Amino acid sequence: MPLPDKKVIYLKLEFKGASREVGRSAVLVDDSIMLDYGLKPGEHTQYPLNGSKPDAVLVSHAHLDHAGAVPNLMDMAPEVFMTPLTFDLAAMLARDTLKIADRKGEDAGFDSMDLSRFMQKTNTIDPDIEFHTHGYRAQFHDAGHIPGAASIYLEGKDSKSLFYTGDINTLDTRLVFGAGDFPDADTLIIESTYFGEDHPPRKEMENAFIDSLMDTLNIGGNVIIPAFAIGRTQEILMLLESHGIGAYVDGMGVSAYKLMMKYPHYLRNPNQLKRAFKNATIVSGRKRDKVPLESSVIVTTAGMLNGGPVMYYLKKIFKDPKSKILITGYQVEGTNGRMALDNGVIENDGVIQQLGIKVEQYDFSAHCGDRELKAIVSEFCDRGTEHVFTMHGDDTESFAEWIREEIGVDAHAPELGEKFNV
């Protein structure tokens, strides 16, 4: 008499965002656990596909493209989990999102009641501490991306496991140590932002950045450094401080710094970070007009030139051929930063401005480059990973193809809304 077929247990994955694109990260596991829930900035903000009713949301880090839409889910009353610093930073950004939307008369996608629920429903867990939610065992692992950032390990009732990298960097930066010591997992979901592109050696790139900055100051020009509030502002000030260069710092990066200093164990060198801000001149809105626009260095938000104090300074000097904008991060298509790089124009208060100021880009990435991404996949697959999903990148299909051909493991580059049983 034949034995009955053994019941096959699947891990169900649904990719609600960051599929063959950068931005609005969101992966739904077994219709129950949401990994990140972010937005995609641009001319029109984009959100993950709707219709999800997760029991829990696990957040990798505070950047808006991973955490910015989490308050939108609060009417579902899910449990929310993230590291303590990620919570403080995400709450800061959520309050700012509401403030900006109110000022513009726009809908933020959530209201103050949703924000209050978000604050109440969030559980803060440090990396390497196991926790449980709705029948799943979970653990955060340092991701090396920004302070507080974590990759996520998740194991179901049937012991099927996955590892979600979120944004990850295995190399040390001035601000944080690189990621390492990954757990075994049946399934790997990996970011792909810089697949096919290796970063230049950090020291070499920093030297080129400082040389360009000093050349500009020496001829009386100003250097505007648009920087993401969380991570990039702090790293740039640490670099400037190490070269004895004084700077003005404006925007939310100052508030982010103060939150980071509450959690020094998330930082590689908290004392140097403290020195960097002590030696900088902090600027608030009322004092912006007192910043001398002659041989000055100004580190300010927003990192993609989409709003923020940077637009105030550019309005004053966008025609100045002696000055420079030194862009330090990835620029999403449709943002002012991408337009400045590609076409030499920006939109400022509804006015298209042709830039006379020089624009340069430097690769201060907090993500793995091609070499490191491939090494992560190889390490996981050598230890038994059977399925890999590539997301959060402009060329995820080529990454999945490389994995299939070079490593011989099942790999997919999900389309938006695509579902898988693994």
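Me: F209 and F364: buried or exposed?

Reply: In this predicted model, F209 and F364 are both buried.

Me: How many aromatic pairs does the structure hold?

Reply: The structure holds 16 aromatic pairs.

Me: Why is the pair of F81 and F131 called stacked?

Reply: The ring centres of F81 and F131 are 4.9 Å apart and the planes stand at 25 degrees. Centres within 6.5 Å make a pair, and planes under 30 degrees apart count as stacked; therefore F81 and F131 form a stacked pair.

Me: What makes this pair a tie between parts that are 50 residues apart in sequence?

Reply: F81 belongs to strand β5 (residues 79-82) and F131 to strand β7 (residues 131-133), so their pairing ties those parts together.

Me: Why is F81 called buried, and why F131?

Reply: Buried means under 20% relative accessible area. F81 has 4%, so F81 is buried; F131 has 6% and is therefore buried.

Me: What makes the pair of F209 and F364 edge-to-face?

Reply: The angle between their planes is 80 degrees, with 5.1 Å from centre to centre. Planes over 60 degrees apart count as edge-to-face, and F209 and F364 carry that label.

Me: Where in the chain do F209 and F364 lie?

Reply: F209 is in helix α4 (residues 202-218), whereas F364 is in the loop between β19 (358-361) and α10 (370-382). The pair links distant parts of the chain, 155 residues apart.

Me: Which residue lies over the face of F380?

Reply: R383 does, at 5.6 Å from the ring centre; the cut-off for such a placement is within 6 Å.

Notes. Residues are numbered from 1 along each chain as its sequence is written. This is a predicted model: local features need pLDDT of at least 70, side-chain atom pairs count only at pLDDT 80 or more; totals for chains, interfaces and linings use all residues. Side-chain values use heavy atoms; hydrogens and water are left out. Rings of Phe, Tyr and Trp (its six-membered ring) pair if their centres lie within 6.5 Å; planes under 30 degrees apart count as stacked, over 60 as edge-to-face and the rest as tilted. Helices (H or I, at least four residues) and strands (E, at least two) are DSSP runs, numbered from the N terminus. Buried means under 20% relative accessible area, exposed over 50%, partly exposed in between (1.4 Å probe, protein chains only). A charge sits over a ring if NZ of Lys or CZ of Arg is within 6 Å of the ring centre and within 35 degrees of the ring normal.
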